[in-house]
Amino acid sequence: MRIFIITMFLSFGLNLTAQNLNQVLPTDYTGNWYNPKTNEWSYGFFEKFAVINGKPIFYKEIKKNKKGIKIVFKDSEDVKPLTLHISKDQLSVGKIKYNKVDKFLPNYSGIDTISFYDSKFQKYDTAYISGYIRNYDKEKPFNVLIKDWIAGKDEAILAKIDDKGEFSIKVPLLNTSEATFKFGNVNHFYTVLTPGENMFLFHDMGSSETVYAGQHARVHNELRRYEKYIDDHKKHFKNQEEIDKQNAYEASLKDTSFLNLKLAQLDSVEFHNNTFISSNNLSARSKYFIANYERLYTALNIIRKKSSLDQKSDEKFSTKYIDYIEANFVKNNVSPASSIHNNFDFLRDFISYNTNGAKGYNFNSKLLEFDTKGLLTLPEDVKEYLQLLSNRNTAENNKLIKEYLANNTEIKGKVNKVLNDNSNFIEQYAFLRMGVLDAVPIYQKYLDRDVAEVLYAKDAIAEVKYSAKVLNDVFLEEILEPISNKFLRSNIITLNDSFKATENLRLEYPTHLINTEHLKSENDAGKIIAEILKPHKGKIVYLDFWGIWCAPCVAEMEYAPKVKEALKDKDIVFIYMANSTASDTWENFIKMRKLEGKNVYHYNLPKEQQNLVENYLGVKSFPSYMLFDKEGKLVNSKAPRPSQLQQLKEEIDSLLK
């Protein structure tokens, strides 16, 4: 998961650092106060500043008088001095009385029928969040978690909270999205963020009191109150033993037995949801979220049961099971699709299940198309044979193929030669076919157009990134054809253009990409490893077994620059051993990820020799990391990953002593 540290001061800003006020507001007045007629948060009064209309304002002067106290604000022309008075647990500000917030705001008054905004995934926008975290625990960093539908993963935006508990961040949004506000690994709560909104958040880490201000404050406050309600009413297991017992029971259930259990569990939660909705005057958006939050969490659990199916026998769900999912969770999905966090994973897994059952792709007609468009040149007899194969669905045609093969015994060899001679771009297309294009009919069959396009674009971008190859015009056109969304199209085009630019770059250390042709006939893994390590005797060697096809390997590469910077003055060499990676893709990836340096070396051994080395060293998964000491002795076959920088640094320091 990528972590972004973004600090931003909004126009109404937080800037309380330069103030020096000795006077402190009396404790009777401190806290958050709401208007009992509307139940909206009106004021927050704290020791040395107030929050008014979602804006923090520092006190200039606090004076006691017969009516209570008078507050004069510093550097604020918009807010006039206020006279406050406490009576019978109510705060009077001028002639209006306010009640103190007890953890959460009560029911709002009035009717709110607004629906969630749907951008149709046509551009990135921003939600601006500022706030005050009272009793902030520095040991529990505050992150805002959002699902990025184009990147296909959770993004964590880290809020930099100052010593006074104040922060201001911006959250990139592709559409209205569920967000989780997370403090450390335990304390968290959720809401729904709208592109372009300004939010002010107050949260007390001591009491859990939470209130929001801003144009969508009603929804945020209602969902915070709901979350506490449902947590109090849902079934909770007493201990880990009970959890393990329940998990084991659920794992034992098959097909509709599991489905019925999950639906019964959903009914129980929906009973409490309906009770909460009927007893509160909620906005339409809050009702919608509450009605769908647990429903789609259940849908995700139901489709993920596919992991228990026997893949060897191509086991499938029963028709009743999969039809229920389609009718109740796919066709009856939410809008916008991103408003419920679990919906992304549910739709992705549903499409994956159905794509796995799709028929294989016939490349015969595609090779003919490549010939027509000038990507390769087919001999006339090969074209004739491929045309027959492309229409082999009739008995008559199958007879013609059999006769053709009898009279042209060398034709299969000629076809294989075409495939071998053009293996580079044919392999690229095959991966695009399997990773992206085969799913197009499935997306279009089950999903609304805007949702189908963003999920398809996500697949396309991921495949192009991992291939690290420029798409030729023919491939690019085919990838773009199912997408009408101009923003999504531009993302793919821009990515491809960046690879074109990378291809034209020169390697800074070209001799550090080691030519290994001379090792093709070597069958002794020990000798291969010795030759790789020999030039680096007297230095620690950090060996990285990876592949361009390996998503975790590629993810770890993001941490490589930090590792090299942290160890730049150490006697250490980084050696990357690429597995099953084409040479042009290999070189492009190294340039794209800037994986070069004076002490960085790359090997792309012939397949047989790479396998020998991996077997000899016991590589069983990717990525794998190993450490060799100064004498070339393997000292750790399960070395820390680049993302485990501190552990890695400590281990290397110990070897250098």
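A charge counts as sitting over a ring if NZ of Lys or CZ of Arg is within 6 Å of the ring centre and within 35 degrees of the ring normal. Keep that in mind. This is a predicted model, and here is a case in it. K305 lies over the face of F258, at 4.5 Å from the ring centre. There is also K316. Its charged end sits over the ring of Y353, 5.2 Å from the centre.

Now the rings themselves. A pair of aromatic rings is described by the distance of the centres and the angle of the planes. The structure holds 40 aromatic pairs. I'll show two.

Take Y59 and F73. Their pair is tilted, with 6.1 Å centre to centre and 50 degrees between the planes. Y59 sits in strand β5, residues 55–65, and F73 in strand β6, residues 68–73. The two are 14 residues apart, and the pair links distant parts of the chain. Both Y59 and F73 are buried.

Next, F142 and F183. This pair is stacked: 4.5 Å between centres, 5 degrees between planes. F142 belongs to strand β11, residues 142–148, and F183 to strand β14, residues 177–183. They are 41 residues apart. Buried or exposed, F142? Buried, because its relative accessible area is 1%, and the cut-off for buried is under 20%. F183 has 0% relative accessibility, so F183 counts as buried too.

On to the cysteines. How many disulfides does a search of the whole structure find? It finds 1. C550 is joined to C553, S to S 2.3 Å. The torsion about the S-S bond is about 80 degrees, so this disulfide is right-handed. Both C550 and C553 are buried.

The largest cavity holds about 70 Å³. Its lining includes Y542, D544, K564, F574 and P642. Elements giving two or more residues to that lining are β19 (540–546), α18 (560–566) and β20 (572–578). By class, the lining has 7 nonpolar, no polar and 2 charged residues.

The second largest cavity holds about 40 Å³. I529, I532, L533, L543, M577, V613 and L617 line it. Here α16 (525–533) and α20 (607–617) each give two or more residues. The largest share, 3 residues, comes from α16. What about charge in this second lining? There are no charged residues and no polar ones, against 7 nonpolar.

Terms used. Residues numbered from 1 in each chain as written. Predicted model: local features only at pLDDT ≥ 70, side-chain atom pairs only at ≥ 80, totals over all residues. Heavy atoms only, no water. Phe/Tyr/Trp six-rings, centres within 6.5 Å; stacked < 30°, edge-to-face > 60°. Helix = DSSP H or I, 4+ residues; strand = E, 2+ residues; numbered from the N terminus. Buried < 20%, exposed > 50% of the residue type's maximum accessible area, 1.4 Å probe, protein only. Disulfide = S-S within 2.5 Å. 1 Å grid on protein atoms, 1.4 Å probe; cavity = no way out; pocket = protein on both sides within 12 Å on 5 of 7 lines; lining within 4 Å. Points joined across faces, edges and corners; volume = space filled by probe spheres on them. Nonpolar A, V, L, I, M, F, W, Y, C, P; charged D, E, K, R; others polar.
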